[in-house]
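Here is a short briefing on a structure. Look it over first, then read the notes grouped by topic.

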Amino acid sequence: MRTPTGISEADFAAAIAAFESVVGKEWVFTSDDDLEPYRDAYSILRDEPEERIASAAVAPFTSDEVQAVVRIANEHRIPIYPISTGKNLGYGGAAPVLSGSVVLDLKRMNRILEIDERNSYVLLEPGVSYFDLYRAIQDKGLNLWIDCPDPGWGSVVGNALDYGGGYTHSWYRNHFEAHCGTEVVLANGELLRTGMGALPGAKTWQQNKYGYGPFVDGLFKQSSLGVVTKMGFWLYPAPEAYISGVVGVPKKADINALVDVINYLENTVSMQGMPVFASPFLPFGLPGAPPPDMPTYDSPVAEQEAYAAAHNLPYWTVTVSYYGAPEVVKAQWDYTKRKASAIAGATFSGGDVVTMPPKREMLKGMNRSLFGVPSLSIFFIGARSEHSDPTQGHITCSPIIPRTGEGISEAYDLIFRTTKRLELPVTILSPPIGCWARTFVILVMIAVTEDPAKNKRTRAGFREMIRILAEHGYGEYRTAPAFMDDVMETYSFNNHALRRFHETVKDAVDPNGIISAGRYGVWPKHIREKKA
Amino acid sequence: MLTGWDRRDVLITGGAAAVFAAAPAAAATSLAVRHIVVADARFAASRAFAETAAKSGARIVWTEGDITDFWRDELDLLWRHRKVSLSGLTALPAFFYLELLAMDRGLRVVFRQDVRQAESGARPLIAWRIASKPVRAGAAA
């Protein structure tokens with residue numbers, strides 16, 4: 001039996017027996033075969049001594065069982081690592097950050113506790129996937145949409161806590177911001193409810209986020225301070241219609257004005273859907289070989305623009321989308337055209353009003369997430385796709401960059417130069433993604449292979465890239481466990497005041513350091529002291 | 001609320017690996033009734049595999065690579081109640097996510113083999129079988 005570091009076999013066996021007495025023997029897993037699902041399928045440490053491997057897994061069924069398991073872990077000083085469904089591939093999956101931790105698998109806690117159509121919210125447990133929630137809404141015939149990431153097999157709670165994003169209305173596609181009310185089991189086993197949930201019998205837990213006093217929900221985002229056992233989310237009342245249109249501009253420098261127009265539209269709530277910027281000249285694009293005569297990212301701009309003009313291609317496009325009443329979305333598209341017409345040579349296409357709900361036939365070949373329909377289609381462009389060279393998986397460098405055209409240009413130049421110089425095996429470099437208001441995120445997907453020597457080189461290069469991006473003011477919003485310390489190291493203002501604050505809170509709330517040690521670069525005191 | 005996530009099961013698929021060690025079409029001949037076969041209509045080898053399996057009574061799920069509808073409308077619900085085994089001759093993505101989804105429900109890949117396609121330059125397909133894993137030694141009844 002594998003044991004957590006510093007825990008004797010006898011003590012671990014006692015803890016395992018205690019876990020079994022709470023959840024039942026069949027829900028405690030210790031064999032290698034049973035623990036296989038708790039390995040990170042995309043791990044860049046896979047099959048190396050440093051791979052993050054669980055010593056056991058425990059799957060409770062209720063919040064009461066979670067409380068009991070946490071109390072046992074505290075008593076025996078067993079590190080535990082809660083997961084919801086463990087599907088955040090590229091960011092760790094179901095594997096713990098600290099090897100030897102016991103994974104607290106919350107998949108069995110998959111109850112949808114309440115869906116309120118009139119006030120458009122849901123209260124659910126961490127084991128509920130986007131597929132589950134979508135199906136429940138469809139089965140009940142409710143006039144509600146969800147906002148889901150791609151792929152949609154993950155947990156609604158887990159994705160929000162990891163700061164995931166989606167595609168529909170801007171009020172819903174930031175999944176953490178769309179939450180309202182949380183229930184958390186703290187390290188001492190106590191149950192905490194946030195916001196209005198702190199009021200016994202509250203009638204507005206899922207309607208008012210803030211309740212009374214300091215707002216603490218953020219402490220449980222990307223956190224090691226508790227085990228979230230319930231979470232409320234605001235849902236999107238199903239819109240009547242949808243429009244998608246494409247705005248094109250002819251010159252490279254036009255991106256500056258184009259982003260400003262889109263920002264204005266979005267920040268005045270004149271456009272709700274996620275804007276998707278693209279250019280045929282961005283480096284490492286999506287699968288599919290470009291024409292051989294097409295200039296590349298580092299070709300002279302004049303050549304690129306001449307090629308675009310000769311082939312009737314915009315240099316940049318942005319796909320915009322609108323959700324709402326037919327007459328409203330049509331007016332919003334017209335307004336977009338009026339605003340963007342200020343850019344010389346702007347072109348417009350699309351703009352047909354599509355009545356919702358989307359017909360099943362229409363969804364074929366489309367990004368279903370645009371309509372709150374979960375999907376697994378993303379794997380066609382991911383690490384295990386049919387198009388790229390075979391890889392074990394990918395790690396993703398995910399810098400947050402300013403929502404300006406200048407920000408796009410500067411960030412892509414830096415990423416292009418840096419990945420080339422460091423010889424990082426980039427599989428996909430996303431366009432600037434506007435899933436959150438006010439910033440873009442760029443996803444630089446880098447191949448994980450089955451060759452440990454290559455992976456070692458990639459890890460070194462990835463660490464260097466994190467450092468270089470930070471030097472230029474770009475911070476990662478999320479990363480794989482192998483790099484969580486590296487990213488936290490970059491958030492170093494005032495001698496790491498933020499990390500020291502996290503550690504102070506961690507030591508106070510979880511003095512034995514049992515929950516999610518090392519998650520997002522925050523370690524409990526006893527491990528910090530060993531590392532020092 | 002779900003009740004079917006029972007990860008303890010018996011091995012019901014003995015000999016599956018041997019079945020698939022042969023050419024895909026021949027392998028499909030031996031498939032048991034009530035077995036589900038996932039096929040990818042875009043590939044001739046997969047079509048042939050599925051047609052042969054159908055003659056043996058297997059139910060064929062046709063995809064064009066994306067198994068979303070199969071998962072959402074059928075398999076997710078089916079696996080909550082019964083550990084139905086699956087086989088397939090598909091491209092990598094369908095195999096990969098079915099493998100991970102299967103592990104969550106107490107099933108495992110019991111056979112996997114790359115199958116070269118006739119078309120030059122085409123990436124290999126994967127012949128695979130997913131089935132219930134053996135009951136754990138020493139586990140309580």
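Eight bridges tie strand β4 (residues 107-115) of chain B to β5(B), and the two run antiparallel. Strands here are DSSP runs of E with at least two residues, helices are runs of H or I with at least four, and both are numbered from the N terminus. Two strands count as paired when DSSP finds at least two bridges between them. This is a predicted model: local features need pLDDT of at least 70, side-chain atom pairs count only at pLDDT 80 or more, and totals for chains, interfaces and linings use all residues. Residues are numbered from 1 along each chain as its sequence is written, while chains are lettered from A and ligands numbered from 1 in the order in which they are written.

**Confidence**

- The predictor assigns the complex an ipTM of 0.84 and a pTM of 0.91.
- Chain B has a mean pLDDT of 73, with 69% of its residues at 70 or more; pLDDT is the predictor's confidence in each residue, from 0 to 100.
- Among the elements of chain B, mean pLDDT is lowest in helix α1 (residues 16-20), at 33, and highest in strand β1 (residues 36-40), at 95.
- Residues 1-33 of chain B have pLDDT below 50, yet beyond near neighbours in sequence this stretch has 67 contacts in the model.
- Residues 135-141 of chain B also have pLDDT below 50, with eleven contacts beyond near neighbours in sequence.
- A contact means that two C-beta atoms, placed from the backbone, lie within 7 Å.
- Where pLDDT is low, the predicted coordinates should not be read in detail.

**Strands of chain B**

- β5(B) covers residues 125-132, and seven of its eight residues are buried.
- Buried means 20 or more other C-beta atoms within 10 Å of the residue's own; exposed means 12 or fewer, and partly exposed lies in between, with C-beta atoms placed from the backbone.
- Strand β3 (residues 86-90) of chain B pairs antiparallel with β5(B) over five bridges. One bridge sets Leu89(B) against Ala127(B).
- β1(B) and β3(B) run parallel, joined by four bridges. Val38(B) faces Gly88(B) in this pairing.
- β1(B) also pairs in the parallel sense with strand β2 (residues 59-63) of chain B, over five bridges. Here Ala39(B) is opposite Trp62(B) in β2(B).
- Both faces of β1(B) are covered: Ile36(B), Val38(B) and Asp40(B) are buried on one side, Val37(B) and Ala39(B) on the other.
- With helix α3 (residues 44-55) of chain B, β1(B) and β2(B) form a right-handed β-α-β unit. Right-handed means that, with the strands pointing away from the viewer, the path from the first strand over the helix to the second runs clockwise.

**Chain A overall**

- Chain A has 14 helices and 20 strands.
- Its radius of gyration is 24 Å, close to the 24 Å from the globule rule for 532 residues, so chain A is as compact as a globular protein of that length. The radius is taken over C-alpha atoms, and the rule is 2.2 Å times the number of residues to the power 0.38.
- Along the principal axes, the C-alpha atoms of chain A fill a box of roughly 75 × 55 × 45 Å.
- Buried residues account for 51% of the 532 in chain A.
- Of the chain A contacts between residues at least 6 apart in sequence, 71% join residues at least 24 apart.

**A sheet in chain A**

- Four strands form an open sheet in the order β1-β2-β4-β3 (chain A), with mixed pairing.
- β1 (28-29) and β3 (80-83) of chain A are at the edges with a single partner strand each, so one side of each has no neighbour in the sheet.
- β1(A) runs antiparallel to strand β2 (residues 56-58) of chain A, joined by two bridges. Val28(A) has Val58(A) as its bridge partner.

**Nonpolar core**

- The largest nonpolar core holds 176 residues, of which Val58(A), Val69(A), Val102(A) and Leu258(A) touch the most other members.
- Helix α5 (residues 92-104) of chain B gives the largest share of this core, eight residues.
- Such a core is a set of buried Ala, Val, Leu, Ile, Met, Phe, Trp, Tyr and Cys residues joined through C-beta atoms within 7 Å.
- Beyond residues up to four places away in sequence, Val102(A) touches several residues, including Val58(A), Ile78(A) and Tyr81(A).
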